[in-house]
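Here's a quick tour for anyone opening this structure for the first time. Have a look at it, then read on for the main points.

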Amino acid sequence: MEQEEQLKIELEGDNHIMTSVDTPMLPDAFDKSDEEKIEIIQEYFSGIMKTLGLDLSDDSLKGTPYRYAKMYVKELFSGLDPKNKPSLSVFDNKYQYDKMLIEKNITFSSACEHHFLPIVGKAHIAYISSGKVIGISKINRIVEYYGKRPQVQERMTLQVYNELKEALKTESIIVVVDAEHLCVSSRGVKDKTSSTVTMEYGGKFNDVSYREEFLRLLKD
Ligand SMILES: Nc1nc2c(ncn2[C@@H]2O[C@H](COP(=O)(O)OP(=O)(O)OP(=O)(O)O)[C@@H](O)[C@H]2O)c(=O)[nH]1
Ligand SMILES: [Zn+2]
């Protein structure tokens with residue numbers, strides 16, 4: 001089959017799926033200031049509370065729509081705005097350290113995009129330098145930044161991997177995320193013990209012996 005014809009079928013076919021690890025955002029996502037967003041969300045959340053029958057003149061409840069809106073924009077979902085992306089300090093690997101660097105037990109919280117309920121867990125990350133090293137706290141900060149969005153765990157895992165790949169100019173990175181989803185543990189199926197593990201890796205970590213060493217060191 002001609003390549004062009006094949007491409008046309010792929011693009012027009014019913015099963016065509018756009019592949020992207022980007023968080024789906026509207027084109028005008030960054031037109032409003034944080035203060036404008038807080039104002040709008042506050043109004044909507046007042047409506048939700050009133051619909052539930054809550055009396056917003058109560059002194060404990062009256063500040064809740066504002067608190068809620070501020071928490072969304074400035075805290076829980078601050079990672080939707082690229083202005084909050086951490087700057088990553090990357091240095092030359094002058095000492096030519098060529099083994100694995102592992103940053104393990106990185107705690108993070110996020111929110112699942114299907115229910116807007118918390119995802120709470122840990123990320124474990126390792127890389128092998130191809131000439132660059134990264135300030136270790138920046139690894140934690142990258143996890144924090146991508147956690148501060150409505151997420152699915154698979155996408156968050158890939159976003160963290162891609163960001164580190166870009167900064168470190170290597171694919172020899174492994175990202176493992178192990179998290180509890182409150183939409184699974186506190187509602188719906190209400191399973192209190194399961195956790196969800198996702199991973200992405202490349203480069204030297206395609207070799208199982210590197211993955212085994214990484215997983216062994218996570219246990220210590
Ligand atoms: N793959 C994946 N699924 C997720 C993640 N977070 C939440 N989910 C799931 O998203 C699904 C949404 O399914 P729906 O059937 O539309 O939602 P629901 O009726 O509330 O489903 P239940 O949770 O089974 O009650 C649920 O199975 C959630 O467990 C995630 O990070 N990755
Ligand atoms: Zn959910």
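## The big picture

The chain has seven helices and seven strands, where helices (H or I, at least four residues) and strands (E, at least two) are DSSP runs numbered from the N terminus. What you're looking at is a predicted model, where local features need pLDDT of at least 70, side-chain atom pairs count only at pLDDT 80 or more, and totals for chains, interfaces and linings use all residues. Residues are numbered from 1 along each chain as its sequence is written, while chains are lettered from A and ligands numbered from 1 in the order in which they are written.

**Overall layout**

- Follow the sequence along and you get the pattern α-α-α-β-β-β-β-α-β-α-β-α-β-α.
- The C-alpha trace spans about 65 × 55 × 40 Å along its principal axes.
- Of the 220 residues in the chain, 21% are buried. A residue counts as buried if 20 or more other C-beta atoms lie within 10 Å of its own, exposed if 12 or fewer, and partly exposed in between, with C-beta atoms placed from the backbone.
- Take the contacts between residues at least 6 apart in sequence: 71% of them join residues at least 24 apart. Being in contact means that the C-beta atoms of two residues, placed from the backbone, lie within 7 Å.

**Domains and annotation**

- The chain splits into domain 1 (34–76) and domain 2 (90–219), with bounds that come from an automatic or database domain assignment.
- The C-alpha centres of domain 1 and domain 2 are 33 Å apart.
- An unreviewed UniProt entry carries the annotation "domain: GTP cyclohydrolase I" for residues 42–218. UniProt positions are given in the numbering used here, feature names are shortened, and annotations may be inferred rather than shown by experiment.
- Residues 42–218 are 37% helix and 27% strand, and the end C-alpha atoms of that span lie 43 Å apart.

**The annotated binding site**

- The unreviewed UniProt entry also has a "binding site" annotation, which covers Cys 112, His 115 and Cys 183. These residues span 72 residues in sequence, yet no two of their C-alpha atoms are more than 7.7 Å apart, so they gather at one spot.
- Cys 112 sits in strand E2 (residues 100–112). This residue is partly exposed, because 19 other C-beta atoms lie within 10 Å.
- Beyond its neighbours within four places in sequence, Cys 112 is in contact with Leu 117, Ile 119, Gln 151, Val 152, His 181 and Cys 183.
- Cys 183 belongs to helix H6 (residues 182–185). With 17 C-beta neighbours inside 10 Å, Cys 183 also counts as partly exposed.
- Leaving out residues up to four places away in sequence, the contacts of Cys 183 include Cys 112, His 114 and His 115.

**Around ligand 1**

- Which residues surround ligand 1? They are Cys 112, His 114, Val 152, Gln 153, Glu 154, His 181, Cys 183, Val 184, Gly 188 and Val 189. Each has its C-beta atom, placed from the backbone, within 6 Å of the ligand.
- Helix H5 (153–168) and H6 are the elements that give two or more residues to this shell.

**The sheet**

- Five strands make an open, mixed sheet in the order E5-E2-E3-E6-E7. Two strands pair if DSSP finds at least two bridges between them.
- Strand E5 (150–151) and strand E7 (196–201) are at the edges with a single partner strand each, so one side of each has no neighbour in the sheet.
- E2 and E5 run parallel and are joined by two bridges. Cys 112 has Gln 151 as its bridge partner in E5.
- Strand E3 (residues 118–128) runs antiparallel to E6, with nine bridges between them. Here Gly 121 stands opposite Ala 179 in E6.
- E6 and E7 are antiparallel too, joined by six bridges. Asp 178 is partnered by Val 197 in E7.
- In strand E6 (residues 173–181), eight of the nine residues are buried, so the strand is largely enclosed by the rest of the structure.

**A helix residue to look at**

- Is Thr 157 buried or exposed? Thr 157, which lies in helix H5, counts as buried because it has 23 C-beta neighbours inside 10 Å.
- Thr 157 and Met 199 are 42 residues apart along the chain, and their C-alpha atoms are separated by 6.4 Å.
- Setting aside neighbours within four places in sequence, Thr 157 is in contact with Val 175, Val 177, Thr 198, Met 199 and Glu 200.
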